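Q: Hi! Could you walk me through this one? I'd like to go strand by strand and then look at the charged pairs.

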Amino acid sequence: MILNLLEQQELSGRIDGAFLQGGIGELPAGNQVRVMVEEHDYAVAKAIVTAWDAAQPPAEVAAAPAPAVSTSGKAVILLTGLAIGALCTFAFLRAPVADRGVDRNGDGVLDEHWRLSASGQVVGNEIDRNLDGKVDLIAHFDQQGLMESSESDDDFDGVFESKASYRLGEARLSDVDTDGDAYMDLRFHYAFGVISTMEYINPASGLPRKTEYYVRNKMTHFDTDTDLDGKLDKRTRVDGLGEPTGEEHIR
C-alpha cells in the first residue's frame, strides 16, 4: 500500500523482506519488512508517508470491560431478589381467592362471609349481625390468622362509627363516634381482651373529660375533669351497682 502511494507521486521504490511473513508462520515480522527508496527521494517519500498516516482515522478503542461486581454488590443483588420473591409469595398466599360463609336465617344470602388466601388462611371476615342484608362488621386478620383490626356499625344505621385494634387476636383499643359528627369521642382500653378503662373524650381538647375504671367488667370508680382544663381532678367511687359511694379531689 505504501509503495503504491509513492508510485502515485512518481517515486520509485521496492519492498525488502516481503517473503519473511510466510517464513515465520503468520507471526508479525516486526521491522524486517521495509519500503526502500532512492536516497535522494527519502525526504519527499517520508513526508508523503507521514501525511498519509496523519490522515488515517484513529484506531477503534476496545470497549472497556464491564466493571466487576464486588462481593458486597452480589450480596445486595441476592438479598434484593430474595426480598422480592418473599413479597410476591406473601402477596400470593395472602390474596383472597376463596370465599366461604354462613346463611344464618336460611334466606339464601350469606350473613357471615369469610375470605381465604391461597393457603387457606383467613384474611377477612364480613358479618351481617342483625340479618338485615347489610354488612355491619368487617374484620381484618394478620399473617398468623389472628384478628388485627375491625370496623363496625353498632347501631345498624349504615354508618361504621366504631373502630378497634387487636394484639395477638385480643382487643386492645376501640374508638366510637357516639354522635355522628365523625369525631371519635368514646375510647375503650382493654387488658388481655378485657375492658380496663373507658374514656369520654372532649372534642375541644382531645383529652378525657371523664374516665371510668373497670375490674372484672365492673366499674370501681371514675375520674372527672370538672373545670375542663384537661386534668382529671375529682374521683368518685361506686358500689357494685354503679352507685356513688364517695368523692375525693385528686389534684
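A: Happy to. One term before we start: a residue is called buried when its relative accessible area is under 20%. Also keep in mind that this is a predicted model.

Q: Good. With that cut-off, how many residues of β6 are buried?

A: In β6, 4 of the 5 residues are buried, so the strand is largely enclosed by the rest of the structure.

Q: And how does β5 pair with β6?

A: They pair in the antiparallel sense, over 4 bridges. Within that pairing, Gly 124 stands opposite His 140 of β6.

Q: What about the pairing of β6 with β7?

A: β6 and β7 run antiparallel and are joined by 5 bridges. His 140 turns up here too, standing opposite Ser 149 in β7.

Q: Which residue takes a positive phi in the hairpin of β6 and β7?

A: That's Gly 145, with phi near 85 degrees; the hairpin has 5 residues between the strands.

Q: Nice. Switching to charges: how many salt bridges does a search of the whole structure find?

A: The search finds 8. One of them is formed by Asp 154 and Arg 129, with the closest N and O atoms 2.9 Å apart.

Q: Where do Asp 154 and Arg 129 lie?

A: Both are in loops: Asp 154 between β7 and β8, and Arg 129 between β5 and β6, so the pair ties together parts that are 25 residues apart in sequence. Asp 154 is partly exposed, at 40% relative accessible area. Arg 129 also counts as partly exposed, at 38%.

Q: What about Asp 175 and Arg 187?

A: Their side chains meet in a salt bridge at 2.6 Å, N to O. Asp 175 lies in strand β9 and Arg 187 in strand β10, so this pair ties together parts that are 12 residues apart in sequence.

Q: Are those two buried or partly exposed?

A: One of each. Asp 175 counts as buried, at 16% relative accessibility, while Arg 187 counts as partly exposed, at 27%.

Q: Which residue forms a salt bridge with Glu 212?

A: Lys 210 does, with the closest N and O atoms 3.5 Å apart. Glu 212 is buried, with a relative accessible area of 6%, and Lys 210 counts as partly exposed at 25%.

Q: Which residues do salt bridges with shared partners join into one network?

A: Arg 129, Asp 136 and Asp 154.

Q: OK, the greasy part now. Which residues make up the largest nonpolar core?

A: It has 6 residues: Val 176, Leu 186, Phe 188, Ile 195, Met 198 and Tyr 214. β10 and β11 each supply at least two residues of this core.

Q: What does Leu 186 touch, leaving out residues up to four places away in sequence?

A: Its contacts include Val 176 and Met 198, both members of that core. Leu 186 also touches Ser 174, Asp 175, Thr 178, Glu 199 and Tyr 200.

Q: Last one: where is His 221?

A: His 221 sits in strand β13, residues 218-224. It counts as buried because its relative accessibility is 13%. Its side chain makes a polar contact with the side chain of Thr 220, at 3.0 Å.

Q: And which residues does His 221 touch beyond four places away in sequence?

A: Thr 211, Glu 212 and Tyr 213, along with Arg 235, Thr 236, Arg 237 and Val 238.

Key
Residues numbered from 1 in each chain as written. Predicted model: local features only at pLDDT ≥ 70, side-chain atom pairs only at ≥ 80, totals over all residues. Heavy atoms only, no water. Buried < 20%, exposed > 50% of the residue type's maximum accessible area, 1.4 Å probe, protein only. Polar contact = N/O pair within 3.5 Å; in protein donor to acceptor, adjacent residues only side chain to side chain. Contact = heavy atoms within 4.5 Å. Core = buried A, V, L, I, M, F, W, Y, C linked by side-chain atoms within 4.5 Å. Salt bridge = Lys/Arg side-chain N within 4 Å of Asp/Glu carboxyl O. Pairing = 2+ DSSP bridges.
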